[in-house]
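Good morning, and thank you for joining this group meeting. Please look at the sequence and the model before I continue.

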Amino acid sequence: MLKIYVKSFTELTAQELYNVLQLRSEVFVVEQNCVYQDIDGKDGKALHILGYKNETIVAYTRVFRSGDYFEKSSIGRVVVAKNERQHKYGYDIMKASIEAIKTHFNESVIKISAQQYLIKFYNTLGFKMIGEAYLEDGIPHVAMILNL
């Protein structure tokens, strides 16, 4: 079972931040073979949703209030450790992220930039595709919206 914590940037311990950046790098840079600037200066504005299993961060997202990333509130850097994906933690961390936006920001529209191969996953959470596919860091993405 995933134990989930919601923390501001200043609430993250140095070890948590290190573990988050390591997980993001393992998946987005190494596994997906994508060279890009993960540390983009936006983590300070985000709420960080940390999914722990046995004291290890295995799932993570960062969420933003409207205007801090997109015009609408948003969820990004959605990641689950490769060796933990069979447990469907992506659903747990996304549901917690949606709840965090409702609770902390009191917002009802969420926009994401989703990797195209994950459209069905996000559809099951209520997101709908808007517009056409586009390349982001060399990977096909689509914009998606969730109205709560």
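**The sheet and its pocket**

The model is a predicted one, in which local features need pLDDT of at least 70 and side-chain atom pairs count only at pLDDT 80 or more, while totals for chains, interfaces and linings use all residues. Residues are numbered from 1 along each chain as its sequence is written, and side-chain values use heavy atoms, with hydrogens and water left out.

A word on names: helices (H or I, at least four residues) and strands (E, at least two) are DSSP runs, numbered from the N terminus. Two strands are said to pair if DSSP finds at least two bridges between them. S4 and S5 meet this rule with 2 bridges, in the parallel sense.

Helices also rest on the sheet. H1 packs on it and touches S1, strand S2 (47-53), S3 and S4, where contact means heavy atoms within 4.5 Å. The direction of H1 makes about 90° with that of S3; axes here are lines fitted to C-alpha atoms, for helices over the stretch in contact, and angles run from 0 to 180 degrees between N-to-C directions. H2 packs on the sheet as well, touching S1, S2, S3, S4, S5 and S7, and its direction makes about 40° with that of S3.

In what order do the strands of the open sheet lie? The 7 strands follow the order S1-S2-S3-S4-S5-S7-S6, with mixed pairing. Strand S1 (3-8) and S6 are at the edges and have a single partner strand each, so one side of each is left without a neighbour in the sheet. Ignoring direction, neighbouring strands of this sheet are turned by 25° against each other on average.

Let us turn to S7. S5 and S7 run antiparallel and are joined by 7 bridges; Ile112, for example, has Met144 in S7 as its bridge partner. S6 and S7 also pair in the antiparallel sense, over 6 bridges. Here Lys128 stands opposite Ile145 in S7, and Glu136 stands opposite Ile139 in S7. S6 and S7 form a hairpin with 2 residues between them, and Asp137 in the turn has a positive phi of about 55°. S7 is mostly covered, with 7 of its 9 residues buried; buried means under 20% relative accessible area, exposed over 50%, and partly exposed in between (1.4 Å probe, protein chains only).

Some single residues deserve attention. Most residues other than glycine have a negative phi, and most peptide bonds are trans. Asn33, which is not a glycine, has a positive phi of about 50°. Asn33 is placed in the loop between H1 and S2 and, at 69% relative accessibility, counts as exposed. Arg77 also has a positive phi, near 50°, but Arg77 is in strand S4 and is buried, with a relative accessible area of 15%.

Is Ser74, at 2% relative accessibility, buried or exposed? Ser74 counts as buried, and its place is in strand S4. Beyond its neighbours within four places in sequence, Ser74 is in contact with residues including Arg62, Phe64, Ile101 and Ile110. Thr56 in strand S3 is partly exposed, with a relative accessible area of 43%. The C-alpha atoms of Thr56 and Glu16 are separated by 9.3 Å, although the two residues are 40 residues apart along the chain.

The largest pocket has a volume of about 840 Å³. Of the 36 residues that line it, the closest to its centre are Phe28, Val78, Gln115, Leu118 and Tyr122. On a 1 Å grid over the protein atoms alone, a pocket is an open set of points where a 1.4 Å probe fits, with protein on both sides within 12 Å along at least five of seven lines; lining residues have an atom within 4 Å of a point. Grid points are joined across faces, edges and corners, and the volume is the space filled by probe spheres set on the points.

Which element gives the largest share of the lining of the largest pocket? That share, 7 residues, comes from S4. By class, the lining has 21 nonpolar, 7 polar and 8 charged residues. In this count Ala, Val, Leu, Ile, Met, Phe, Trp, Tyr, Cys and Pro are nonpolar, Asp, Glu, Lys and Arg are charged, and the others, Gly among them, are polar.
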